[in-house]
Amino acid sequence: MSSIFYGTNAYAEDTSNNARTVPTTKSVVILGANGGTGRECVSAVLASGRSCYATTRSGLFNYDEESSTSLLSRNNPKLFREEADVTNLHGLMALVNKINSNPKLLPRLKGIMLVILVIVSSGAVTRPNSAVYKLLNFVGNGIMEAKIQGEDEVRGLYKSKEVINKGLGYTIVRPGGLTNESPLGPSFLEVNQGDDKSGRLSRADVAGICIGCLDVANSWDTTFECYLKDTAKPVENVGLSNILRSTDPTSYKSGKEGNGDTWDELLGGLKQDFV
């Protein structure tokens, strides 16, 4: 996955809508915080007022030289940086132990169950015959295959009665082609379910969507695609459209699109993957 993003919530045994959001008094853990999207997620978490535990496999961060006034500055008391290789269970448990032993985070995280898991995957991930899938899978040495396998594992895990009864949930975000442009916000974006439309959007807007998922209860247990409205194309045509940076949106409607001027409006109509 491009970036993995955790939210913590104090209401693990409460399955009401109030439990399906992450208050700004809680902390978020980001895995893969050194990548372009991961870095934007760190900034978005901090901008939301939450504390952020940013992790990389090496423990090195490519934004160590940020100015003292930057959200990513080492002087930010809400930003914690840690080395964490979570490609295996041992590494994941080591990270949990580090978090729980941090005296600055102890009051917020000790004994609190991990409730919301937000994963950044990719659009067209279920369309192996599409040109964009084939290209990305070839260039990424099987990355699309790995992404859909990871998605399926998460959905299968969270579908179990044991997990549901604990009040745990996930969100899988499938962005279109990623750019490094400035964020435009929810009113310029569209979400869709069915993996038959895609487009492109900035990494910063992907981060905004991830934070929106922490604030919008209806994103619980959903999988959806996201892209700028004016770049929307059927999956079969999106690769060339993104290369040409087209802003001529398709007239095709899946009937599962979501639009809105706020994150709640944009994400509020999402349908759960299972009931």
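Reply: Happy to; what follows starts with the ring pairs and then turns to a strand pair and the cysteines. Please keep in mind that this is a predicted model.

Let's begin with the rings. The count of aromatic pairs comes to three. One of them joins Tyr53 and Phe80, whose rings are stacked, with 6.2 Å centre to centre and 20 degrees between the planes. Tyr53 belongs to strand β3 (residues 51-56) and Phe80 to strand β4 (residues 79-83), so this pair ties together parts that are 27 residues apart in sequence. Tyr53 and Phe80 are both buried.

Another pair has an edge-to-face arrangement: Tyr158 and Tyr170 sit 5.5 Å apart, centre to centre, with 65 degrees between the planes. Here a helix meets a strand, because Tyr158 lies in helix α5 (residues 143-158) and Tyr170 in strand β6 (residues 169-175); the pair ties together parts that are 12 residues apart in sequence. Tyr158 is buried, as is Tyr170. Ring pairs also bring in Phe274, which is linked with Tyr158 and Tyr170 into a cluster.

A charged side chain takes part in a ring contact too. Arg81 lies over the face of Phe61, at 5.4 Å from the ring centre.

Now for the strands. In a regular strand, side chains alternate between the two faces of the sheet. Strand β8 (residues 189-192) has both faces covered: Leu189 and Val191 are buried on one side, and Glu190 and Asn192 are buried on the other. Its partner is strand β11 (residues 222-228), which runs antiparallel to β8 and is joined to β8 by four bridges. Within this pairing, Leu189 stands opposite Leu228 of β11.

That leaves the cysteines. A disulfide is a covalent bond between the sulfur atoms of two cysteines, and the structure holds zero of them. Cys226 is in no disulfide either: its nearest cysteine sulfur is that of Cys210, 7.9 Å away.

Notes. Residues numbered from 1 in each chain as written. Predicted model: local features only at pLDDT ≥ 70, side-chain atom pairs only at ≥ 80, totals over all residues. Heavy atoms only, no water. Buried < 20%, exposed > 50% of the residue type's maximum accessible area, 1.4 Å probe, protein only. Helix = DSSP H or I, 4+ residues; strand = E, 2+ residues; numbered from the N terminus. Pairing = 2+ DSSP bridges. Disulfide = S-S within 2.5 Å. Phe/Tyr/Trp six-rings, centres within 6.5 Å; stacked < 30°, edge-to-face > 60°. Lys NZ or Arg CZ within 6 Å of the ring centre and 35° of its normal.
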